[in-house]
Amino acid sequence: MARLPATVTEVASELPSLSICNRHARARVFLHGAHVASFRPVGEAEVLWMSIRSQFAPGKPIRGGVPICFPWFGMHPEGGDRPPHGVVRLSPWTITSADDLPDGQTRLVLGLDSPPFTLAYTVTVGAELELALEVRNTGNAPASFEEALHTYFDVADVRRASIEGLAGAAFIDKTDGSATKTQSGALTFTAETDRLFQGTTSACTIVDPVLGRRIVVAKKGSRSTVVWNPWVAKAARMPDFGDDEWPSMLCIEAANAADHRVTLAPGASHLLSQTVSVQRLAR
């Protein structure tokens, strides 16, 4: 393991993790799936949502936080017993480097070989949470993949929250037979929501009037955005999701999926990044 700086503590358990505490924020990162499970800026409530039913076991996905979907999004197109959202969120990553930065931030770099790709994931914890996934094709032929930073956000009540930044964008509505629709105004939640927005590079903002904050989700290297909440019936069908937890979360995912999957030539690389910041609402 790389030398850990003063702001990082290794937490031993069945799934090893790293606890980060600096003057800007606290965070927790599991090596299983390179999974960011917590981000709490100083003076703020927790930003990321985690299910109390998450199994935290080898071979199982962690429910909540920021799973990495790769090299496919959703179910594998060829079906079979391949795990939903790919294999890297179930894989043990290694620490490439860990450093305290001059401005008080903490930066971790985690690595994973997933042939024909090599992945490097940079997690920077400060007043903002910066996540950057670099994918390099180390094979001898062009190779394609889908990807997403499947981020679960904590909200007081999803029925009172909204998302700005997607007005006018086309999306595939997976709750309505994958019909193509256009978002009108701010996105609000009144039922199960599973929307794959295509051709959008804009930032999204969660407006949470109950907690009195805005969570801004900016991204680069992404042309898809996914918004998801399982609502009542689907939450009840998921063994690692509490039946009554759905009102306290929503997902916004920086992604490249479906028509915007990425193809890399041998030796080429692609960078997907996401920055999460919190602003207080004016009273």
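Hi everyone, let's start with the largest pocket here, which has a volume of about 630 Å³. On a 1 Å grid over the protein atoms alone, a pocket is an open set of points where a 1.4 Å probe fits, with protein on both sides within 12 Å along at least five of seven lines. The volume is the space filled by probe spheres set on the points, which are joined across faces, edges and corners.

Please keep in mind that this is a predicted model, where local features need pLDDT of at least 70, side-chain atom pairs count only at pLDDT 80 or more, and totals for chains, interfaces and linings use all residues. Residues are numbered from 1 along each chain as its sequence is written, and side-chain values use heavy atoms, leaving out hydrogens and water.

Who lines this pocket? There are 24 lining residues, with Arg63, Pro84, His85, Lys234 and Met238 nearest the centre; lining means having an atom within 4 Å of a point. Strand 11 (147-154) and strand 19 (224-229) each give two or more residues to that lining. Strands are DSSP runs of E, at least two residues long, numbered from the N terminus.

Both of those strands belong to an open, antiparallel sheet of seven, ordered 5-11-20-19-16-13-14. Two strands pair if DSSP finds at least two bridges between them. Strand 5 (68-69) and strand 14 (179-182) are at the edges with a single partner strand each, so one side of each has no neighbour in the sheet. Strand 13 (residues 170-173) pairs with strand 14 over four bridges, and Ala170 stands opposite Thr182.

Finally, another open sheet has nine strands, ordered 6-7-8-9-22-18-17-12-15.
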